[in-house]
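Subject: Structure handover

Hello,

Here is the structure for you to look through. My notes follow below it.

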Amino acid sequence: MANKTAKSCKFVVVGGGIAGVSCTEQLASQFPSEKIVLLTAAPLIKAVTNFKKVSKTLENFDVEEQPCSIIERKYPNVKVIQSEVKQLQAKEHKLLTENGKELHYEKLCLCSGGKPKLFIHDSPHVLGIRDTDSAQELQKRLSKAKRIVVIGNGGIALELVYEVEGCEVVWAVKDKAIGNTFFDAGAAQFLIPSMGADKPERATTCKRARYTTDRAAPECDEPNRNPGSAEKLGSALGPDWHEGIELRGTQEMSHRVHVEYQCEVLKVYSAEDFLSSPQRSPDPSSDPGLWPVYIQLTNGKTYGCDFIVSATGVTPNTEPFLQGNNFTVAEDSGLNVDDHMRTSEPDVYAAGDVCTACWEPSPMWQQMRLWTQARQMGWFAARCIGADLLDEPIELDFCFELFSHITKFFNYKVVLLGKFNAQGLGQDHELLIRCTKGEEYVKVVLRQGRMVGAVLIGETNLEETFENLMLNQMDLSAYGEELLNPNIDIEDYFD
């Protein structure tokens with residue numbers, strides 16, 4: 001007897017984040033007569049809007065949460081199903097969903113993203129920031145808070161400590177400087193004064209449509225969820241995730257941040273446990289009656305707070321796919337993909353945070369689990385699927401030639417290019433730095449006289465010139481420190 005819940009389709013994409021949606025849209029455009037199923041755990045999907053190519057490799061875009069009906073209206077060959085994956089049977093080209101569906105595919109792309117690395121699980125006082133629901137929970141808890149502790153030193157932690165107002169923030173980082181993923185100590189020092197200064201008035205309110213997850217879009221195919229299934233993971237937050245939600249505590253102040261460097265979490269105490277612990281101190285600010293939770297750091301300090309935010313990054317969300325299959329998994333737990341975005345299982349591709357690029361990278365590119373790469377990988381995976389299906393050759397896209405990323409931290413525009421932190425260069429490099437306090441920070445990484453990386457903070461207008469110098473590998477030895485002389489218009493010089 002045939003399974004009435006079974007569906008056959010040419011393409012199935014798992015994940016409603018940027019990688020999955022970019023992959024789905026590209027496949028839908030390239031194969032308008034083929035049926036595509038997009039499987040997503042969350043009621044809203046993430047779409048790229050206002051896409052702008054800034055230069056050869058740099059791109060800027062907004063991320064908008066949308067009901068799944070929008071992509072279905074835009075591409076009539078796309079069907080969105082809201083459910084988690086129960087099991088993948090790769091040999092049979094079959095995917096089972098938590099809501100009882102059976103999907104038979106010809107080509108599958110896994111874009112299931114990452115899940116938060118929580119330093120402690122199942123604590124009511126620890127909040128992991130990952131998706132829109134957790135960001136809204138943060139807003140709710142902050143409205144009653146006087147002090148929070150933030151653990152982590154990546155992009156979300158950097159944005160969070162700057163955006164929170166009316167609440168004291170204790171920020172614990174394991175490194176010697178803030179923003180270690182993106183900056184060196186010099187750039188961190190440039191940014192630190194912004195943590196204590198009043199924030200500038202917000203520019204005009206974000207005019208893009210916003211949708212909430214209070215109820216699922218009725219057009220979404222969402223049969224009853226299995227109550228026994230694992231807690232759902234929404235897709236990751238957008239680059240402007242804090243727009244449109246007020247991150248304000250109970251106190252009348254702008255923002256006050258205290259940083260604890262080179263430390264990690266040793267122990268978390270409830271108020272009751274702290275009363276009987278040797279950590280209890282005569283300091284009145286540590287009075288157990290004041291705080292619901294206490295956190296002991298490896299540097300010996302203990303803080304009481306209203307709650308703790310874990311922003312320590314993500315691990316690839318591979319769990320639903322591994323059992324019974326033969327995926328090659330990388331050291332960082334991602335699914336290994338080759339330069340066609342193929343995993344080790346036939347006809348299964350992967351893109352975004354869930355995958356690990358295992359091809360020989362260009363000398364000035366490295367994988368970082370960021371928005372730009374999620375979009376690029378999702379789009380390129382779809383093109384590879386199309387090429388393989390049509391038996392056509394395809395080369396690794398130019399976007400993988402030079403690492404490039406535009407973002408904003410502490411209200412400064414930030415551009416990262418190439419080996420911006422001299423990653424993997426050992427001692428074989430030199431740095432040139434130009435810094436104007438409160439205005440700009442420019443760092444160039446040179447190797448054997450050629451530019452291989454750069455960090456640009458502020459409105460430097462140097463990104464296109466530096467990108468060209470990296471791509472054409474011009475020998476800059478003759479220019480020395482004059483390369484960053486503010487009195488020389490470098491853009492005209494190398495035009």
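Start with Trp365. Leaving aside residues up to four places away in sequence, Trp365 touches Ala357, Trp359, Gln373, Met377, Cys399, Phe400, Glu401, Leu402, Phe403 and Lys419. Keep in mind that this is a predicted model.

Where does Trp365 sit? It is in the loop between strand E21 (355-357) and H9. Its relative accessibility is 3%, so Trp365 counts as buried; the cut-off for buried is under 20%.

Next, helix H9. It covers residues 371-389, 19 residues in total. From first C-alpha to last it reaches 27 Å, close to the 27 Å expected at 1.5 Å a residue. How many of its residues are buried? The count is 15 of the 19, so H9 is largely enclosed by the rest of the structure. After H9 comes Asp391, with a positive phi near 55°.

Now the aromatics. The structure holds 15 aromatic pairs. Two of interest to me are below.

Phe182 and Phe409: the ring centres are 5.1 Å apart and the planes are at 50°, so this pair is tilted. Phe182 lies in the loop between strand E12 (168-172) and helix H5 (185-191), while Phe409 is in strand E22 (residues 404-409). The pair therefore ties together parts that are 227 residues apart in sequence. Phe182 has 4% relative accessibility, so it counts as buried. Phe409 has 3%, so it counts as buried too.

Phe403 and Phe420: here the centres are 5.5 Å apart and the planes are at 35°, so the pair is tilted. This pair links distant parts of the chain, 17 residues apart. Phe403 is in the loop between H9 and E22. Phe420 is in the loop between strand E23 (412-418) and strand E24 (430-436). Are these two residues buried or exposed? Both Phe403 and Phe420 are buried. Phe403 is also among the residues that Trp365 touches.

Arg141 lies over the face of Phe307, at 5.8 Å from the ring centre.

Best wishes

Terms used: Residues numbered from 1 in each chain as written. Predicted model: local features only at pLDDT ≥ 70, side-chain atom pairs only at ≥ 80, totals over all residues. Heavy atoms only, no water. Helix = DSSP H or I, 4+ residues; strand = E, 2+ residues; numbered from the N terminus. Expected span 1.5 Å × (residues − 1). Buried < 20%, exposed > 50% of the residue type's maximum accessible area, 1.4 Å probe, protein only. Phe/Tyr/Trp six-rings, centres within 6.5 Å; stacked < 30°, edge-to-face > 60°. Lys NZ or Arg CZ within 6 Å of the ring centre and 35° of its normal. Contact = heavy atoms within 4.5 Å.
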